[in-house]
Amino acid sequence: MTATMPLQSAANGSSAPHISANCKIAFIGGGNMAQALIGGLLAQRISPNQITVAEPVQALHAALTQLGVQVTSNNEQAIASADVVILAVKPQVMAQVLTPLCGQFKNQLIISIAAGVTISTLSRLLGGYANIVRAMPNTPALIQAGATGLYAQAEVDMAARELAGQVLSSAGLVLWVEQERLLDAVTAVSGSGPAYFFYLMQAMIEAGEAQGLTKAQASALTLQTALGAAKMASTSEHTPAQLRKNVTSPNGTTQAAIETLDAAQVNAHIVDALHAAATRSAELAVALDQSSTT
């Protein structure tokens with residue numbers, strides 16, 4: 001995958017590039033991912049007064065209001081004075097949400113975090129509007145430790161791309177891909193990726209219990225080991241492959257475990273699993289595109 005990473009992760013201790021105090025940001029949808037991004041923006045000292053959220057579910061208004069941001073049930077009101085509009089609604093309702101807004105965007109930057117909704121679909125729903133960036137974040141954005149892939153077509157200028165990167169880097173690492181289809185790969189690797197690690201953690205905890213540890217003991221050891229391994233991999237000059245070799249002593253316990261994994265072709269199954277995820281992402285995009293035209 002060819003990509004550039006113009007921004008540092010806000011989660012690694014470095015500051016994200018500064019967003020102007022005059023920049024107004026509107027969210028359409030105020031669910032978990034929107035709240036994660038809002039939390040990241042506020043942590044980067046963006047004023048709550050710069051943020052407006054349009055959310056029709058009254059039950060979410062209290063949580064959003066506690067963040068100090070402006071909350072409304074009116075999408076048109078939210079976008080009226082916005083410089084950036086973040087589409088944070090479910091893919092299935094995107095057509096319903098955007099159709100009434102067709103013709104109301106001037107030169108705002110639109111960032112969609114809806115999985116599988118292509119830029120061509122978004123543009124068509126908005127009457128040919130082109131200043132759109134697609135983003136594929138993942139759930140660790142909820143703790144500002146996310147990984148987000150971004151894509152924009154040639155019509156989107158560098159200033160808009162930089163602004164999109166600034167907004168999304170508030171939730172963690174961001175990188176750009178050069179083709180929209182590569183967002184399916186981003187979905188397979190990082191979008192769905194947390195579930196793979198949770199799956200492995202679950203299996204290790206169950207295996208620890210089977211060896212006689214209590215669930216609490218197996219959980220504590222597994223989670224700390226996962227955290228430590230991730231920190232080592234992210235800070236080491238060595239690749240994960242080399243780090244794995246470094247802890248695999250000849251004829252030792254780790255080698256016995258790795259040989260068992262290799263015999264079961266776990267590596268090949270992981271490749272197949274990510275391929276299945278990427279394929280399903282592409283299929284969902286086609287289905288959403290077709291449904292938005294009916």
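Colleague: Is R280 buried, partly exposed or exposed?

Modeller: This is a predicted model, and in it R280 forms a salt bridge with E283, with the closest N and O atoms 3.3 Å apart. The two residues are three apart in helix α12, so about one helical turn separates them. E283 has a relative accessible area of 41% and is partly exposed. For R280 the relative accessible area is 46%, which lies between the 20% and 50% cut-offs, so R280 is partly exposed.

Colleague: Which parts does the salt bridge between D289 and R124 tie together, and how many residues apart in sequence are they?

Modeller: The side chains of D289 and R124 meet at 3.3 Å, N to O. D289 is partly exposed at a relative accessible area of 25%, and R124 is partly exposed at 37%. Because D289 lies in helix α12 (residues 266–292) and R124 in helix α5 (residues 119–125), the pair ties together parts that are 165 residues apart in sequence.

Colleague: How far apart in space are I28 and L87, C-alpha to C-alpha?

Modeller: I28 lies in strand β2 (residues 25–28), and at 2% relative accessibility I28 counts as buried. Among the residues I28 touches are A54, I86, L87 and V97. Although I28 and L87 are 59 residues apart in sequence, their C-alpha atoms are separated in space by 5.2 Å.

Colleague: Is T52 buried or exposed?

Modeller: T52 has its place in strand β3 (residues 51–54), and its contacts include I25, A26, F27 and Q70. The relative accessible area of T52 is 17%, and since under 20% means buried, T52 is buried.

Colleague: What is the volume of the second largest pocket?

Modeller: The second largest pocket is lined by 29 residues, of which G31, A88, V89, K90 and P91 lie nearest its centre. The elements giving two or more residues to this lining are α1 (32–43) and α4 (94–98). By class, the lining has 18 nonpolar, nine polar and two charged residues, and the volume of the pocket is about 720 Å³.

Notes
Residues numbered from 1 in each chain as written. Predicted model: local features only at pLDDT ≥ 70, side-chain atom pairs only at ≥ 80, totals over all residues. Heavy atoms only, no water. 1 Å grid on protein atoms, 1.4 Å probe; cavity = no way out; pocket = protein on both sides within 12 Å on 5 of 7 lines; lining within 4 Å. Points joined across faces, edges and corners; volume = space filled by probe spheres on them. Helix = DSSP H or I, 4+ residues; strand = E, 2+ residues; numbered from the N terminus. Nonpolar A, V, L, I, M, F, W, Y, C, P; charged D, E, K, R; others polar. Buried < 20%, exposed > 50% of the residue type's maximum accessible area, 1.4 Å probe, protein only. Contact = heavy atoms within 4.5 Å. Salt bridge = Lys/Arg side-chain N within 4 Å of Asp/Glu carboxyl O. Lists of a residue's contacts leave out its neighbours within four places in sequence.
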